[in-house]
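I'll jot things down as I go.

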2 protein chains.
Amino acid sequence: MQQLKQISVLLIGTTHPGNIGAAARALKVMGLDRLSLVNPEEYPSAEARARASGADDVLSSANVYETLDSALSGVHKVFGTSARSRGMDIPILDMRTAAAAMIAAADSGEQVAMLFGKERYGLTNEEMQRCHYLVQFPANPDYGSLNLAAAVQVAAYELRMQCLQQNQSQTSKPQATSSFCDGGKMTGFYQHLFSTMHDLDFLNVENQGSMTEKFRMMFNRMGIKKHEMDMLRGFLSAVNKNLKK
Amino acid sequence: MQQLKQISVLLIGTTHPGNIGAAARALKVMGLDRLSLVNPEEYPSAEARARASGADDVLSSANVYETLDSALSGVHKVFGTSARSRGMDIPILDMRTAAAAMIAAADSGEQVAMLFGKERYGLTNEEMQRCHYLVQFPANPDYGSLNLAAAVQVAAYELRMQCLQQNQSQTSKPQATSSFCDGGKMTGFYQHLFSTMHDLDFLNVENQGSMTEKFRMMFNRMGIKKHEMDMLRGFLSAVNKNLKK
């Protein structure tokens with residue numbers, strides 16, 4: 001069950017504090033304890049505490065962030081829940097397969113985050129671009145309104161099931177260290193990349209949004225290893241140094 | 001997905017009306033629509049409607065019963081959720097396996113009910129004795145407090161997943177009719193059996209509880225087919241007729 005400690009659930013812009021409390025309870029009952037909040041509307045909150053019902057420890061130790069990028073510092077693999085893919089070039093997994101992928105990532109030493117967007121709208125396009133995978137839950141085509149805390153409960157349940165199955169079929173392995181870059185390294189890289197692209201006039205007002213989006217998704221899909229990052233940053237620095245003013 | 005229409009979720013003695021509304025939503029989002037309530041503390045309720053959030057149709061069409069036996073009339077297979085088995089001789093399944101068993105029962109034409117007890121205590125021993133199977137959810141050994149509506153959500157999710165997997169691997173089959181007795185037939189049989197046992201002085205004040213319990217669990221485990229029931233009732237009637245006064 002060690003893998004569950006490497007997986008954080010990240011609620012972005014949550015509107016109803018009751019959902020935050022219910023999510024804390026949903027996590028704890030399945031053995032997860034890492035809750036992160038990005039710009040919650042209300043936290044701390046009495047309603048959240050009431051719904052947490054004994055999972056106050058998970059609730060009160062939640063990390064609160066102002067930006068998604070800061071929350072993803074230290075995270076290697078990002079899974080975003082989404083009812084729609086919106087045509088983005090990001091691989092889509094069902095929740096069960098995603099749980100297997102998350103546990104496998106944790107097994108190889110990675111820190112994993114699972115993102116849940118605002119109750120009404122889900123993740124924005126910009127938030128999805130931080131994701132290596134999008135995760136979908138099965139739903140009634142005529143009524144797909146899965147409650148936020150209920151979705152967290154199903155996700156936590158699948159993660160625990162995946163651990164249980166794996167522990168049945170494997171003997172324990174030594175803890176591995178990820179060879180991939182975490183979110184902090186990636187953020188620094190993208191800043192470097194995009195500012196370089198600006199300096200090159202490769203990015204302009206019109207194409208900037210779609211261009212940075214495509215780059216992010218491409219690198220996220222590949223995953224960049226630490227030694228590769230050194231090469232990439234070295235390359236960008238070389239470009240910077242050699243730009244004509 | 002036709003099988004989901006043969007599965008009802010039965011909440012017994014629910015204390016918080018919000019859980020009833022959230023359960024209705026949890027069912028509808030996964031394509032289930034049969035909610036039954038046995039002695040709810042508050043129904044209908046404004047809080048339940050608020051939490052149902054668009055699943056008002058499932059909520060308002062819930063069937064309300066005064067006794068569990070009346071709710072189980074017409075039901076062939078009963079699955080009871082329980083954190084503990086309490087040493088009863090009833091087979092225990094994890095939720096995933098239970099979902100497969102429920103869909104298989106529905107496939108063979110049976111009506112299926114899944115029972116959820118009161119928030120604080122779960123099913124009573126007497127309620128468990130109505131069950132053919134007990135269902136357990138995986139949980140943190142240090143904190144097993146799974147919220148009622150969250151449990152309903154996980155159950156409904158597993159049922160939908162099971163249907164999706166089955167529909168992928170099978171072509172559709174003609175609708176079958178169950179050869180097993182429903183709950184109404186079983187209730188009538190137990191009344192007949194126990195009154196006969198009383199007349200025989202086989203049941204007395206001391207052994208009555210444990211004895212009827214063991215009989216119920218044995219017959220439930222076997223499952224009684226319709227033609228077998230005719231034989232059993234015929235046998236009991238023969239006993240009744242031939243009792244010396």
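This is a predicted model: local features need pLDDT of at least 70, side-chain atom pairs count only at pLDDT 80 or more; totals for chains, interfaces and linings use all residues.

**Overall build**

I began with burial: 43% of the 245 residues of chain A count as buried (20 or more other C-beta atoms within 10 Å of the residue's own; 12 or fewer is exposed, in between is partly exposed, with C-beta atoms placed from the backbone). Residues are numbered from 1 along each chain as its sequence is written, and chains are lettered from A and ligands numbered from 1 in the order in which they are written.

Next I looked up the secondary structure, and chain A has 10 helices and 7 strands (DSSP runs numbered from the N terminus: H or I of at least four residues for helices, E of at least two for strands). Chain A is as compact as a globular protein of its length, because its radius of gyration is 19 Å, close to the 18 Å from the globule rule for 245 residues (taken over C-alpha atoms; the rule is 2.2 Å times the number of residues to the power 0.38). I also noted the box filled by the C-alpha atoms, roughly 60 × 45 × 35 Å along the principal axes.

**Domains**

Where are the domains of chain A? I have domain 1 at 2-169 and domain 2 at 183-241 (bounds from an automatic or database domain assignment). Their C-alpha centres lie 27 Å apart in chain A. I find 12 residues of domain 1 in contact with 8 residues of domain 2 in chain A (C-beta atoms, placed from the backbone, within 7 Å).

**The sheet**

I traced an open sheet of 7 strands in chain A, ordered E3-E2-E1-E6-E4-E7-E5 with parallel pairing (strands pair if DSSP finds at least two bridges between them). Strand E3 (63-65) and strand E5 (92-94) of chain A each have a single partner strand, so one side of each is left without a neighbour in the sheet.

I then checked E5(A): 3 bridges join it to strand E7 (residues 133-136) of chain A, running parallel. Leu93(A) stands opposite Val135(A) in E7(A).

Two helices went on my list. Helix H5 (residues 95-107) of chain A packs on the sheet, its direction making about 105° with that of E5(A) (axes are lines fitted to C-alpha atoms, for helices over the stretch in contact; angles run from 0 to 180 degrees between N-to-C directions). Helix H7 (residues 148-169) of chain A also packs on the sheet, touching E1, E4 and E6, at about 155° to E6(A).
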